[in-house]
Amino acid sequence: MFHAQLITLFPGFFDSPLSCSIPARAIRAGLVRVDCLHLRDFAQDKHRKVDDTPYGGGPGMVLKPEPVVAAIRAARHRDPATRVVMLTPSGTRFSQAKALEYVEVGHLTLLCGRYEGFDERICDYVDEQLSLGDYVLSGGEPAALCVLDSVIRLLPGVLGSPESAVLDSFTEDGILDWPHYTRPEVFEGKRVPEVLLSGNHAEIAAWRRRQAIARSRKRRR
Ligand code: SAM
């Protein structure tokens, strides 16, 4: 069973997405377990303060090291095999290869930031720093959800057809997916490409490959 832990100030953020569709089925089937650790439970003063003003001045608040490190230690105590990943725009960029790596690891703790982010010293307590991409979200929760969702659909037994994940974009030699069509054959004057109606599987496979390569060249280079 894949074990995910989420360190967050907003555990409720995950309720709806994890109770729908593929993640919900995977959880029900016992293929994945998700535990939330509420960062505020690790605050060490009576006001349950988790953030403070930045040294050196400037806007916003910074997440304090004491509660965050205590939460990381709790996650490691619960699951000594866990890999602790800090979500930050300054991290290594997430990819399908990374998702596959996490599937192999099997134990993941995703550390969600808020406000201006983490006190820099917290970096010494995590295994890696990960970014969803070169843009700024208001919190780590949407990033954690994307990472978790992409991992869950790769877990053996989660997808109805295991082929789906293998044929997705990026999985096979890093290229994008080919275009898909379904009924009707003509929609507002736009026809399904003839080759897909031919029943010739070799030609269909070759056409799909050409489309995927052309699309990858155009959109990714
Ligand atoms: N001051 C930070 C910066 O410019 O890098 C941005 C902080 S952001 C408003 C608050 C939190 O959202 C971050 O601590 C991080 O956990 C999360 N976050 C925002 N963008 C992200 C991204 N692209 N990838 C992963 N996490 C992100």
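1. Phe13 is partly exposed in this predicted model. Its relative accessible area is 32%. That value lies between the cut-offs of 20% and 50%, so neither "buried" nor "exposed" applies to Phe13.

2. Phe14 is another matter: at 2% relative accessibility, this residue counts as buried. A search of the whole structure finds two aromatic pairs. The rings of Phe13 and Phe14 form one of them, with centres 5.3 Å apart. Their planes meet at 75°, so the pair is edge-to-face; the cut-off for that label is over 60 degrees.

3. Phe94 and Tyr102 also pair. Their ring centres are 6.4 Å apart, and a pair needs centres within 6.5 Å. The planes stand at 15°, so this pair is stacked. Phe94 is buried at 16% relative accessibility. Tyr102 is buried too, with a relative accessible area of 0%.

4. Now the chain as a whole. It has seven helices and nine strands. The C-alpha atoms fill a box of roughly 70 × 40 × 30 Å along the principal axes. Of the 221 residues, 42% are buried. The accessible surface comes to about 12800 Å². Carbon and sulfur atoms account for 52% of that surface.

5. Contacts in the chain reach across the sequence. Take those between residues at least 6 apart: 74% of them join residues at least 24 apart.

6. Helix α7 covers residues 201-220. At the N-terminal end, Asn200 caps α7. A side-chain oxygen of Asn200 lies 3.2 Å from the backbone nitrogen of Ala202.

7. Which residues of α7 are buried? They are Ile204, Trp207, Ala212 and Ser216. Seen down the helix axis, the buried residues of α7 fall within an arc of 165°, so they line one face. An α-helix has 3.6 residues a turn, so residues three or four places apart point the same way. On the other side of α7, Ala202, Arg210, Arg217 and Lys218 are exposed.

8. Setting aside neighbours within four places in sequence, Ser216 is in contact with Ile175, Leu176 and Arg221.

Conventions. Residues are numbered from 1 along each chain as its sequence is written. This is a predicted model: local features need pLDDT of at least 70, side-chain atom pairs count only at pLDDT 80 or more; totals for chains, interfaces and linings use all residues. Side-chain values use heavy atoms; hydrogens and water are left out. Helices (H or I, at least four residues) and strands (E, at least two) are DSSP runs, numbered from the N terminus. The expected span of a helix is 1.5 Å times one less than its number of residues. Buried means under 20% relative accessible area, exposed over 50%, partly exposed in between (1.4 Å probe, protein chains only). The arc is that of the directions from the helix axis to the C-beta atoms. A polar contact is a pair of N or O atoms within 3.5 Å; within protein, one must be able to donate a hydrogen and the other to accept it, and residues adjacent in sequence count only if both atoms are side-chain atoms. Contact means heavy atoms within 4.5 Å. Accessible areas come from the Shrake-Rupley method with a 1.4 Å probe; for residues, only the protein chains shown count as cover. Rings of Phe, Tyr and Trp (its six-membered ring) pair if their centres lie within 6.5 Å; planes under 30 degrees apart count as stacked, over 60 as edge-to-face and the rest as tilted.
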